[in-house]
Amino acid sequence: MSFRIADQRQLEEVLATYGWVVTPPLLPQPAVDRLVSALGLEGRGGIRNLLDAAPEVCELARSEVVRSVAEAVLGPQCFAVRAILFDKTPGANWRVVWHQDLTIAVRRRANIAGFGPWSEKQGVVHVQPPVEVLERMLAVRVHLDDCGTENGPVRVLPGSHRIGRLSASAIERWRERETPVECLVKRGAILAFRPLLLHASSPATAPAHRRVIHLEFAADELPPPIEWYNRVA
């Protein structure tokens, strides 16, 4: 499913129905080159907290290209709340089982109904929020390399984002009855998907980079005293 960025209404409709979409290349190739160079990505399998570590990623999150995708779904008030680098190389090549993205990064713990369990990743507090929060979020993945079948692409089960938080048995039922779709993405293009969409990936079979900047956008503030760990608008 590939769309011109001008088709924002269609992009919103496709994401509402299927939970994912792939754009054509939107980021100019020199801009992709600058990101790769600035982030020093050689040999890195993954980097968390990119909004803290790399001003270039904050600029990317504010760029017209990225915000055009996020705003098509969440509206002009949306903001970036997390950024992670993912890469698959011969030295960092992994399999990701079928799952939903259920946690968010926040400033501190607080005893509020609907939030939990809590965890910590690289010094940052994470929590599972109510489903309503996740339903008002969007992942925007900017690809810094071509991602074909041999590069361990994300696989999705279309429509699975519409059912809320799924149990292990419900995930298994979705796997049994639905055919996975591979999300093949060109360098400079974007894969956008809803956090509750069931997705997975296999190890890459070719020794090449599959570098992705994974940005998460939200539309709403969290109930006080809980705050987003990052807020880039």
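Predicted model: local features only at pLDDT ≥ 70, side-chain atom pairs only at ≥ 80, totals over all residues.
**Exercise 1. How do strands S6 and S7 pair, and over how many bridges?**

Start with the residue ranges: S6 covers residues 118–121 and S7 covers residues 124–127. Strands here are DSSP runs of type E with at least two residues, while helices are runs of type H or I with at least four, all numbered from the N terminus. The two strands pair in the antiparallel sense over four bridges; pairing calls for at least two DSSP bridges.

Residues are numbered from 1 along each chain as its sequence is written, and side-chain values use heavy atoms, leaving out hydrogens and water.

**Exercise 2. Which residues make the contact between helices H1 and H5?**

First find H1 at residues 8–18 and H5 at residues 64–74; their axes come within 9 Å and cross at roughly 65°. (Axes are lines fitted to C-alpha atoms, for helices over the stretch in contact, with angles from 0 to 180 degrees between N-to-C directions.) Now list the touching residues: H1 brings Gln8, Leu11, Glu12 and Leu15, and H5 brings Ser68, Val69, Ala72 and Val73. Contact means heavy atoms within 4.5 Å.

**Exercise 3. Which residues lie nearest the centre of the largest pocket?**

A pocket is an open set of points on a 1 Å grid over the protein atoms alone, where a 1.4 Å probe fits, with protein on both sides within 12 Å along at least five of seven lines; lining residues have an atom within 4 Å of a point. Among the 25 lining residues, Ile84, Phe86, His99, Asp101 and Arg141 lie nearest the centre. For the volume, take the space filled by probe spheres set on the points, which are joined across faces, edges and corners: about 440 Å³. Then ask who contributes: S3 gives the largest share of the lining, four residues.

**Exercise 4. Which helix gives the most to the lining of the second largest pocket?**

This pocket holds about 170 Å³ of space. Its lining includes Leu27, Ala31, Arg34 and Glu56. Helices H2 (29–39) and H4 (55–62) each give two or more residues, and H2 gives the most, with four.
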